[in-house]
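I opened this entry to record what I looked up in one structure.

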Amino acid sequence: MSFQNYMTRTLVMNIEKLKMNKAIITLTRGGMELGLRLLKEYDDSVLYVNKRFDIKGERIRKINNGIMELTASIFGKYKHLIFIMATGIVVRAIAPHLNNKTKDPAVIVMDEKGRNVISLLSGHLGGANELALDIANKLNSNPVITTASDVNDTLAVDTLAMKLGYGIENYTDATKVTSHIVNGEKIGIISKNNLKIKLPDNFTILKDNKNLKKFKGIINITNEKKICKNRLDTVILRPRNIIIGIGCRRHKSKEEIIEAIMDSLNKINKSQLSIKHIATVDVKRNEKGIIAAADHLKVPLIIVDREQIRDVERNFETSDFVKSSIGVGAVAEPVAILSSNEGRLILKKTKYNGITIAIVEEGGA
């Protein structure tokens, strides 16, 4: 199977896993009727209705207990919760389960006539604002958005990170810089990447960390672990453009593999938050240590076919022992390159007691 076919199959499998992202929760008959309209609009949704209503369907669920019990059971199950009922009921139902803005699902509240669509929780990172606007557009309703950056037609740090697909190093720092943004103060962005989005007028792209006197906050976009400090409120955004290629002997532990990855990143001053994925060869697809390491780092594990490696292995330093064992003479470097988007090798294969690590970087830093 070609690498392209593998990636296609993996994408399909991931879509299947994420298929039911939205839960629409209703109590009344009017709410159920509106919920059925939304069910048709969103293929990734299920509809929860009062058990006394005689309605059935593949994506229909019955509420056998109260809203409090239902909310407790589904709060971490879906990315988006759409309640069609009074806001007070929803606030009481979700309150015991609130964690933080990086983990809580998006929560939308609607009246059963569909007149108002309220973004109640996780407006930016959870996507509640975007979903509220989309629902309002589909139903010709009034979207209710209260986040300061949206009301002032500007761009919060977490929204910027989400649009770019970047990670946020520290959410407290993000809040500080966002407060400067919504107050209309000047913000500098230090980045080697080309930012292909429209930025507010108070944002300025900078080449370096110098001449910052006129700025109140800085957004530093970099995959470098250690950066030059300044005295301004600064948030670091991490582009996910680092790919870790791994080859190893059988039964290497998660801890050994993570230690090797971290040491490799430290050698080239790169942040683990910029890891896009880990890649390895198909014969290692079931290697528990590699799987556990990817899970620990919360990044995908991409499997590269040996057939693909054979086509390019002449470009890499090979090992006769590895070739006699698995049929190809190199693993870490070719899997990192092949699974990247025109990436470049920034750390050649480095050995750690039965583990080999190579690192590829896509685009800028």
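The entries below go topic by topic.

**Entry 1. Source of the model**

I am working from a predicted model, and I kept local features to a pLDDT of at least 70. For side-chain atom pairs I counted only those at pLDDT 80 or more.

**Entry 2. Helices α3 and α4**

I started with helix packing. Two packed helices are described by the angle between their axes and the distance between the axes. I looked up both values for α3, residues 67-74, and α4, residues 87-94. Their axes come within 9 Å and cross at roughly 50 degrees. Angles of 65 to 115 degrees count as roughly perpendicular and those under 35 as roughly parallel; α3 and α4 are therefore oblique to each other. I noted the hand of the crossing of α3 and α4 as right-handed.

Which residues make the contact? On the α3 side I listed I67, M68 and T71. On the α4 side I listed I89, R92, A93 and I94. Sorted by class, the contact of α3 with α4 has five nonpolar residues, one polar and one charged.

**Entry 3. Helices α2 and α5**

I then took α2, residues 29-41, together with α5. The axes of α2 and α5 come within 11 Å, and the crossing angle is roughly 105 degrees. That makes α2 roughly perpendicular to α5, since the range for that term is 65 to 115 degrees. From α2, the contact uses L34, R37, L38 and E41. From α5, it uses I135, K138 and L139. I sorted the residues of the contact of α2 with α5 into four nonpolar, no polar and three charged.

**Entry 4. Salt bridges**

How many salt bridges does the count come to? I get 13 salt bridges, with a cut-off of 4 Å between the side-chain nitrogen and the carboxyl oxygen.

Is R238 buried or exposed? R238 is buried, because its relative accessible area is 0% and the limit for buried is under 20%. E169 is partly exposed at 35%.

The pair E224 and K192 also forms a salt bridge, the closest N and O atoms being 3.8 Å apart. E224 and K192 again link distant parts of the chain, 32 residues apart. I placed E224 in the loop between β11 (217-221) and β12, and K192 in the loop between β9 (187-191) and β10 (203-206). E224 is partly exposed, with a relative accessible area of 25%, whereas K192 is exposed at 63%.

The side chains of K252 and E256 meet in a salt bridge at 3.2 Å, N to O. K252 has a relative accessible area of 9% and is therefore buried. E256 is partly exposed, with 30%. I also noted that salt bridges with shared partners join E41, D134 and K138 into one network. Two of these names were already in my contact list for α2 and α5, namely E41 of α2 and K138 of α5.

**Entry 5. Positive phi**

I next checked backbone angles. Most residues other than glycine have a negative phi. Which residue in the loop between α5 and β7 did I look up? It was N140; the loop runs between α5 (128-139) and β7 (142-144). N140 is not a glycine, yet its phi is positive, about 60 degrees. N140 is exposed, with a relative accessible area of 74%.

N269 is a further case, with a positive phi of about 55 degrees although it is not a glycine. I found N269 in the loop between α9 (254-267) and β14 (275-281). With a relative accessibility of 24%, N269 counts as partly exposed.

**Entry 6. G167**

Last, I looked up G167, which is found in strand β8. G167 is buried, with a relative accessible area of 8%. Leaving aside neighbours within four places in sequence, G167 is in contact with I236, L237, R238 and R240. I checked one more distance: G167 and H296 are 16 Å apart, C-alpha to C-alpha, and 129 residues apart in sequence.

Terms used: Residues numbered from 1 in each chain as written. Heavy atoms only, no water. Axes fitted to C-alpha atoms, helices over the stretch in contact; angles between N-to-C directions. Helix = DSSP H or I, 4+ residues; strand = E, 2+ residues; numbered from the N terminus. Parallel < 35°, antiparallel > 145°, perpendicular 65-115°, else oblique. Left-handed = near helix turned anticlockwise from the far one by under 90°. Contact = heavy atoms within 4.5 Å. Nonpolar A, V, L, I, M, F, W, Y, C, P; charged D, E, K, R; others polar. Buried < 20%, exposed > 50% of the residue type's maximum accessible area, 1.4 Å probe, protein only.
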